[in-house]
Amino acid sequence: MKTIVITPEVQAKGEIDTCNLLLKSNIERLHVRKPFASIESMRDYISALDSQYYHKISLHSHHGLVDEMKLGGKHFKSDQQVVKAKGLVSKSFHSLNELEFETKTLSYGFLSPIFESISKVCYASEFEMDDLKQKLRSFNNFPIYALGGIEMDKIKEVKDLGFSGVALLGTIWLEDKIEKRGEITEAILNA
């Protein structure tokens with residue numbers, strides 16, 4: 001299953017080392033999501049990553065750095081207007097209607113939360129799984145990645161629903177996952 005990893009908003013213990021390991025692995029992409037970072041701190045963060053993998057990195061903000069640093073893509077929030085760009089363009093969605101009415105050509109999208117969020121308190125899924133499965137089987141505008149509550153025991157269900165892959169955030173970065181981060185990452189990447 002294709003896997004994208006999203007960085008946490010606030011720097012986690014061992015984050016740069018983990019990101020570099022993930023970039024060297026078979027993950028599809030690394031999404032750098034640092035909404036409170038200045039452009040200078042974002043540039044410093046990216047500079048700490050292995051430049052041979054810059055093509056696998058998408059930014060959620062400071063999109064000008066994508067061209068400046070020759071990164072791989074730009075990601076847009078659900079309420080943002082997608083701007084045509086070089087490289088990959090992705091967007092977040094929170095309902096099936098949002099997917100249905102997206103008119104821009106995207107490389108892929110995130111749909112969330114599929115299950116109860118690990119990283120956001122009281123952020124539960126509102127999807128009816130049978131409706132979701134039916135919609136995903138008929139939707140072919142662009143690949144859709146499942147986001148929200150994705151843990152190892154959910155991978156088979158995500159595949160059965162018809163998602164193109166998974167986007168991981170809390171499973172990798174939450175404080176209580178640090179001790180098992182390597183084990184979790186390897187298991188999900190090999191699923």
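Tutor: In this predicted model, a charge sits over a ring if NZ of Lys or CZ of Arg is within 6 Å of the ring centre and within 35 degrees of the ring normal.

Student: How far from the centre of the ring of F115 does the charged end of K154 sit?

Tutor: A charge over a ring must be within 6 Å of the ring centre. The charged end of K154 sits over the ring of F115, and its distance from the centre of that ring is 4.7 Å.

Student: Which strands make up the closed barrel, and in what order?

Tutor: Strands of a sheet pair through backbone hydrogen bonds, either parallel or antiparallel. Here the pairing is parallel, and the closed barrel has 8 strands. From one strand to the next the twist averages 25°. The order of the strands is β1-β2-β3-β4-β5-β6-β7-β8.

Student: Which residue in β6 stands opposite S90?

Tutor: Strand β5 covers residues 88-93 and strand β6 covers residues 108-111, and the two run parallel, joined by 4 bridges. Standing opposite S90 in β6 is Y108.

Student: Why is the pair of F93 and F142 stacked?

Tutor: A pair of aromatic rings is described by the distance of the centres and the angle of the planes. Planes under 30 degrees apart count as stacked. The ring centres of F93 and F142 are 5.8 Å apart, and the pair is stacked because their planes lie at 25°.

Student: How many residues apart in sequence are the parts that the pair of F93 and F142 ties together?

Tutor: F93 belongs to strand β5, whereas F142 lies in the loop between α5 (129-138) and β7 (144-147).

Student: Which residues are linked into a cluster by ring pairs?

Tutor: The structure holds 5 aromatic pairs, among them the edge-to-face pair of F139 and F142, with 5.1 Å centre to centre and 85° between the planes. F139 is buried too, at a relative accessible area of 11%. The cluster linked by ring pairs consists of F93, F139 and F142.

Conventions
Residues numbered from 1 in each chain as written. Predicted model: local features only at pLDDT ≥ 70, side-chain atom pairs only at ≥ 80, totals over all residues. Heavy atoms only, no water. Pairing = 2+ DSSP bridges. Axes fitted to C-alpha atoms, helices over the stretch in contact; angles between N-to-C directions. Phe/Tyr/Trp six-rings, centres within 6.5 Å; stacked < 30°, edge-to-face > 60°. Buried < 20%, exposed > 50% of the residue type's maximum accessible area, 1.4 Å probe, protein only.
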